[in-house]
Amino acid sequence: MQIAILPKLKNTQNNLKTLLPTTAVAADPGLRFRQKVRYLQFLRVNPTKALHKNPNLRSAPISTLLSVTQCLSSMGVELASAGRILDMYPQLLTADPYADIYPIFDFLINVVRIPFPDIRKAIIRCPRLLVSDPDTQLRPAFQFLTELGFSGSNELTAQTTMLLVSSVEFTLKPKIDFLVGLGFAYDEVRNMVLRSPGLLTFSVESNYVPKVEYFLKEMNGDLVEIKRFPQYFSFSLERKIKPRHRLLMEHGFSMPLSDMLKVSDGEFNALLIERRLQMVESRSS
């Protein structure tokens, strides 16, 4: 008896159907298991990791795996991306598409109002959406974000739906509270977050705290400047903020946070050279 050869061509339903067990394979548990492993390898899913994290996978028929990949394909997620997602979250391999996955797509399309063509972008950007319960996770986060101001022209998009997987009590609220605790008014924090949604993805302990301390103690900064440029928190403290600030200090220069951080290394060095030339010219005149 031979195992059916896995297709190496396009992601189409016809190709996927060829993976359904033949009569010979269906009658032999060992061959069924080997065929399932081959399919995981075809998807570039690590079989050992998948079987360890999802023991139910061992007894699940290959048709279950196929139904999941077909479900993702129906929403525009190509097989290569589906494989990466399933490798990250092996529990999806034995999910019931109609009970576990399609309700998430329904929520994103009909409640969050993500356009159908953008669903693929949202999922690939944040695969964790597919393992987040619509009622206990996505809906509470959506309500909180809507009340915060993510509506109308600021409504969630495929780029920001990742915020929906965050816990309201343990992730979203603590970040808002920290910024308010710095002395910003709630409306100021709200505007900062709407301008820079990534603020809600940063860790208070490893991002906000050290960057605020460096800004206030080493840079002698005014928090008003962070209000104007909340993207400050998106730059690496060790790789960008500290080195550039130290270079400015060495030459006795200062510049707004946005000018210091938004430019490339080449542009920043060009700004330094220009400032130094201007200094020389002013001294010689």
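The buried residues of helix α11 pack against α9, α10 and α13 (223-228), where helices are DSSP runs (H or I, at least four residues) numbered from the N terminus. Within α11, which spans residues 186-195, the buried positions are V189, M192, V193 and L194, buried meaning under 20% relative accessible area with a 1.4 Å probe and protein chains only.

This is a predicted model, in which local features need pLDDT of at least 70 and side-chain atom pairs count only at pLDDT 80 or more, while totals for chains, interfaces and linings use all residues. Residues are numbered from 1 along each chain, and side-chain values use heavy atoms, with hydrogens and water left out. The chain averages a pLDDT (the predictor's confidence in each residue, from 0 to 100) of 89, and 89% of the residues score at least 70. Over residues 1-13, however, the pLDDT is below 50, although this stretch has 29 contacts beyond near neighbours in sequence in the model, a contact being heavy atoms within 4.5 Å. Where pLDDT is low, the predicted coordinates should not be read in detail.

T161 sits in the loop between α9 (134-148) and α10 (168-181), and this residue is buried, with a relative accessible area of 0%. Apart from neighbours within four places in sequence, T161 touches V112, I114, A122 and L129.

The largest pocket holds about 160 Å³ of space, and among its 13 lining residues L92, A95, D100, L130 and V131 lie nearest its centre. Helix α7 (residues 97-110) gives the most to this lining, with five residues.

Definitions and conventions:
1 Å grid on protein atoms, 1.4 Å probe; cavity = no way out; pocket = protein on both sides within 12 Å on 5 of 7 lines; lining within 4 Å. Points joined across faces, edges and corners; volume = space filled by probe spheres on them. Helix = DSSP H or I, 4+ residues; strand = E, 2+ residues; numbered from the N terminus. Buried < 20%, exposed > 50% of the residue type's maximum accessible area, 1.4 Å probe, protein only.
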